[in-house]
Amino acid sequence: MIETSTGPWITDWIGSLSNLVSAVFVGFGLAVAWYQLGSWREQARTQKRVDLAANILSTSFEILDVLSSARNPLSSVPREKASDPRYIYQRRMQFIQDHAELFITLRKAQIQTRIFVFDKKIDTAIQTMFDVRNDLWNAADMLVEYADEKPNTNGERCMLMEARSVLFGQPSGDKTRKKLDDSMKILEVLLGEIVRQHK
């Protein structure tokens, strides 16, 4: 009977091969895990963009309703306030103030658009909503100030006419309304595209 012997070098070679195979499998597993982590992060980031876009669009529509209501020239006046010329303007200022939380929500979302690198047009359109709010507030505040006075100069008369135009609008060429409509169109197109692309 012939005896064979596997010297120590055979054992070492098998051990080294086993270690190499194990290392390959570990490396492959780490590569797969890293890829999956990167994919998960990208999916999470994409979902945040979609959620942010939907939130901005929803909030902007709500703010559009607030600003449109604040400009409504047909709002009623309580009988006890009928003799107060300041009331119709102060009421609009209070109405805007009552919805301050909406504007805070939109401002926070606007900051997020800069973090997630949204189109610059979106940031500009959102800012227009804030600009219109400030225009309405300033116009109402001016009209409150002059409610008990008659304008003394042509400059003052033109200034008050412009303030009323901003606050209440006008039959044609309503610049404030156009600003709002143009901004909403931009938001609907650009934000709507983000939402639809990743449904």
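This is a predicted model: local features need pLDDT of at least 70, side-chain atom pairs count only at pLDDT 80 or more; totals for chains, interfaces and linings use all residues.
**Notebook: helix packing and the core**

I started with burial: of the 199 residues of the chain, 31% count as buried (under 20% relative accessible area with a 1.4 Å probe, protein chains only; over 50% is exposed, in between is partly exposed). Numbering runs from 1 along each chain as its sequence is written, and side-chain values use heavy atoms, leaving out hydrogens and water.

**Layout.** I counted 6 helices and 0 strands (DSSP runs, H or I of at least four residues for helices, E of at least two for strands, numbered from the N terminus). Next I looked up contacts (heavy atoms within 4.5 Å): among those between residues at least 6 apart in sequence, 77% join residues at least 24 apart.

**Core.** Which residues have the most contacts inside the largest nonpolar core? They are Phe118, Leu136, Leu167, Leu187 and Leu191, in a core of 42 residues (a set of buried Ala, Val, Leu, Ile, Met, Phe, Trp, Tyr and Cys joined through side-chain atoms within 4.5 Å). At least two residues of this core come from each of α1 (8-70), α2 (87-98), α3 (100-115), α4, α5 and α6 (175-197). The largest share, 11 residues, is from α4. I then checked Leu191: leaving aside neighbours within four places in sequence, Leu191 touches Ala53, Ile56, Leu57, Phe118, Ile122 and Ile186.

**α4 against α5.** I found α4 (residues 120-145) and α5 (residues 154-168) packed at about 135 degrees, axes 9 Å apart (axes are lines fitted to C-alpha atoms over the stretch in contact, with angles from 0 to 180 degrees between N-to-C directions). The two are therefore oblique to each other (under 35 degrees is roughly parallel, over 145 roughly antiparallel, 65 to 115 roughly perpendicular, the rest oblique). On the α4 side, Asp135, Leu136, Ala139, Ala140, Met142 and Leu143 meet Met159, Leu160, Ala163, Arg164, Val166 and Leu167 of α5. By class I get 10 nonpolar, no polar and 2 charged (Ala, Val, Leu, Ile, Met, Phe, Trp, Tyr, Cys and Pro are nonpolar; Asp, Glu, Lys and Arg charged; the others, Gly among them, polar).

**α2 against α5.** These axes come within 12 Å and cross at roughly 50 degrees, which makes α2 oblique to α5. Ile88, Tyr89 and Arg92 of α2 make the contact with Arg164, Leu167 and Phe168 of α5. I logged 4 nonpolar, no polar and 2 charged residues there.
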